[in-house]
Amino acid sequence: MKITIGGVVKGGTSLAYKTGSWRDQRPLIDLDLCKACGICEEVCPDNSVYAEDEIYYIDYEYCKGCGLCAHECPVDAIEMVLEEK
Amino acid sequence: MLEQTMSNVKVVEGSEAVALAVKGCRPEVISAYPISPQTHIVEWLARMMANGEMDTEYVRVESEFSAASVISGSSAAGSRSYTASSSQGLLLMTEVLYCSAGMRLPFVITGVNRALSAPITIQIDHQDTISLRDSGVIQFYVESSQEVYDTHIAAFKIAEDPQILLPVMVCMDGWILTHSYERINFIEQEKIDSFLPPFRPANFLDVNNPKAWGSYSEENVLMEFKYSVQQAMQYGKKRITEIFAELARITGRDHGGLIEAYRTEDAEVILLAMGSVVGTIKEAVDELRSIGKKVGLVKIRCYRPFPHEDIWEAIKAAKVVAVMDANFSMGSEGALGMDLKSKLCGMRDTPLVFDFIAGLGGREINVKTVRRIVEKAEEMLNKGLPLSESYWVDLNPEILP
Amino acid sequence: MNGERGANKEALFVSGHRACHGCGLALAVRHILKATGPDVIVVTPTGCLETFSSPYGYSPWRVPWIHHLFENAPAVASGIAAALSAQKRNNVRVVVIGGDGSTFDIGFGALSGMLERGDDVLYICTDNGAYMNTGGQRSGATPTYSSTTTHPVGRKSMGKPQLKKDLPAIVADHGTPYVATASVAYLKDLRKKVEKAMTYHGPRYIQIDTPCPSGWGFSSELALEIGRLGVNCGLVPLFEMENGSLTRVRKIRKKLQVTEYLKAQSRFKHLLQEDGSEYLKELQEIADQNIAKYALITSS
Ligand SMILES: Cc1ncc(C[n+]2csc(CCOP(=O)(O)OP(=O)(O)O)c2C)c(N)n1
Ligand code: SF4
Ligand code: SF4
Ligand SMILES: [Mg+2]
């Protein structure tokens, strides 16, 4: 790809960089326990938790497996399991 | 025939001429910090603003470092921007200027030449602006206040050319030009406006089209980014010549292109210099010509990019080039001398090049000084002496420790 | 399209940035931008945030963003504000998000100039208490007795001997109309402060405590936990100052001893050894002074 004059870059292009490969633990949400409070979404530094119709999902393309969502979940609905590589 | 202008003529201080040129270019943002001998320029601008003659944001900062940073920000945000400084202040801007050249931010700076500490002095030489020669900033040097006025107007157009997009510095000798009065031909505002349309860069900090500036880069692209600045410099040589010519058609005043060759045809000895000293050299050349000496002058107007092709055309038939450097690279020699020698190295049948260090810290250079330089060059030429060290003109060895 | 789903659909700071696992700073940025909305230009000085959010070709920023140098973000921001004013782009505001090193130390002169001039810039300092981007050297914001790579603990050293610079007070003394401290441990409070700051014109300053797992030495899931401990022991007071007076503080409901905070991080672990008790006492005094100074505990 050609470089741009002055190195100006279009915003949002980091989405092409998949940080999911950094993960060595995987958060799993137990939807039976989840109260849909949204705290996991709030605390993720990598924008990797989202909800659709009050159901919470992890975006494994980017989730780095830091464990913040699991640690902050008030009802322990998220478990961190070892990532199989 | 050149179109004659009906522009007004007025005797003004050199600093006011700069301020009037800047005003005519309608910058949206100015930021500056005072230092002698740049002060009058920023004071003139402040006065124009205070009197409602100018509609510009003027950010009065706490340092030159911030002045250069403010106009880097405003330039990235899409505003035509300007600052001026001198000596220590220019050095304080150094880091900003390298970065803004790399980010291709096209603002204009007046570099009012003054020597660098220590010892501290307000006397002039070119050490300050020469220290910035590697930064990616385009540099012009001028001989007179008329030339400084015209060059500032060209400078914005050159900086903002979509294929150049680099900071441009117009270097003028402090005191001699900034504080002296000269008859200046001003260009009418409509003519400036049509020569220099409003700045509308393709990229600017825009919430409707968010982009990131100043990214982190590594070995896979960094060399290409640096080379693209060199490409802009190379392209600039052609474009600068065109823009100077376009302005000359409007004003009827032709200061030359990247260089001005003065009486170089059939010259055996050619002096190479830049800045206000050129006026004195022209006088000396005329005098020497009148007694039959084949002497000429190459005045450098554009120092970065370095116009070695044009210089070569002017000097190739000469026997010797006496370079006058008002700067010195400690442990080596003068910058102009180095530039020229490096370009001639490896070419066949080149004139000999001798580097003369003259005028440091305001040491006087008069017609006699120039004649002594010519004599010295001839003497060395006759002895066939290669001169690997610079010759310090009028150095007083008596007082050396 | 790639990643244009889920949380990234509407985010202004999207995934794919390269912050460490569980970085408090990255989390803060997400929430800052939620609070400012899209009509801002962000200036970031050199530091972790610049490094992890700008590898060439991969920008997570969906607002216009500029990094120039380490020590000039306030001046670059002033220039942008001047340009916006000249161009009459009145709906667009300027926000700096910069580290404590650039804010407290090397960029302090430029910050003071920006504040004194009254330029319309929201300056947010993300405080991780050291120069993290270059490996955790001390800054003017490093807390007392924290071990840093330039004040390492050793036979003759207990870490950084000096007090943390009281930058919010210094900023307020410039006549800055809005000054606040916040923490990623209290994200709603953080966003409210940013929102409030956006209602003011002129310079504004928010200092956010952003726990850093790599530099402070705690496990990647604990950034908020550590943040809460800092606030509730009194070492990280959260308050707002409007037009020079303290207008609101976040009260501590259940006061913790500083050891609770310190023992959770390896940068303080030397203080919990036997010869550390004297130093612990000093830190407890600092926390108690904060509690008194800002009235962090409601006396019943
Ligand atoms: C003039 C200059 N000096 C030093 C550096 C090296 N440097 C880059 S980032 C940094 C530390 C950043 O610390 P801080 O501002 O606290 O941000 P953090 O990385 O901790 O978020 C240093 C020392 C530099 N880039 N420029
Ligand atoms: S583990 Fe960390 S990165 Fe992954 S979803 Fe949870 S908070 Fe986000
Ligand atoms: S070093 Fe700390 S602040 Fe920097 S990216 Fe890593 S966790 Fe974030
Ligand atoms: Mg830091």
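Axes here are lines fitted to C-alpha atoms, for helices over the stretch in contact, and angles run from 0 to 180 degrees between N-to-C directions. Please keep in mind that this is a predicted model.

1. Let's start in chain C. Helix 1 (residues 24–36) of chain C packs against helix 7 (residues 187–199) of chain C, with an angle of about 45° and axes 8 Å apart. The two helices, helix 1 of chain C and helix 7 of chain C, are therefore oblique to each other. Their crossing, helix 1 of chain C with helix 7 of chain C, is right-handed.

2. Which residues in helix 1 of chain C meet helix 7 of chain C? On the helix 1 side they are C:Leu27, C:His31, C:Ile32, C:Lys34, C:Ala35 and C:Thr36. Across from them, helix 7 of chain C brings C:Leu187, C:Leu190, C:Arg191, C:Val194, C:Glu195 and C:Met198.

3. Helix 7 (residues 145–160) of chain B and helix 9 (residues 222–251) of chain B pack at about 135°, and their axes lie 10 Å apart. Helix 7 of chain B passes helix 9 of chain B in a right-handed crossing.

4. In that chain B contact, helix 7 supplies B:Asp150, B:Ile153, B:Ala154, B:Lys157 and B:Ile158. Helix 9 of chain B meets them with B:Arg239, B:Ile240, B:Ile243, B:Phe244, B:Glu246, B:Leu247 and B:Thr251. The contact of helix 7 with helix 9 of chain B divides into 7 nonpolar, 1 polar and 4 charged residues.

5. Is helix 1 of chain B mostly covered or mostly uncovered? Helix 1 (residues 14–24) of chain B is mostly covered, with 10 of its 11 residues buried. Among the buried residues are B:Gly14, B:Glu16, B:Val18, B:Leu20 and B:Gly24. Just after helix 1 of chain B, B:Arg26 takes a positive phi of about 50°.

6. Finally, the cysteines. How many disulfides does the structure hold over all chains? The count is 0. A:Cys66 counts as buried because its relative accessibility is 9%, under the 20% cut-off. B:Cys345, at 63% relative accessibility, counts as exposed.

Definitions and conventions. Residues are numbered from 1 along each chain as its sequence is written. Chains are lettered from A and ligands numbered from 1 in the order in which they are written. This is a predicted model: local features need pLDDT of at least 70, side-chain atom pairs count only at pLDDT 80 or more; totals for chains, interfaces and linings use all residues. Side-chain values use heavy atoms; hydrogens and water are left out. Helices (H or I, at least four residues) and strands (E, at least two) are DSSP runs, numbered from the N terminus. Angles under 35 degrees count as roughly parallel, over 145 as roughly antiparallel, 65 to 115 as roughly perpendicular and the rest as oblique. A crossing is left-handed if the near helix is turned anticlockwise from the far one by less than a right angle, and right-handed if clockwise. Contact means heavy atoms within 4.5 Å. A disulfide is a pair of cysteine sulfur atoms within 2.5 Å. Buried means under 20% relative accessible area, exposed over 50%, partly exposed in between (1.4 Å probe, protein chains only). Ala, Val, Leu, Ile, Met, Phe, Trp, Tyr, Cys and Pro count as nonpolar, Asp, Glu, Lys and Arg as charged, and the others, Gly among them, as polar.
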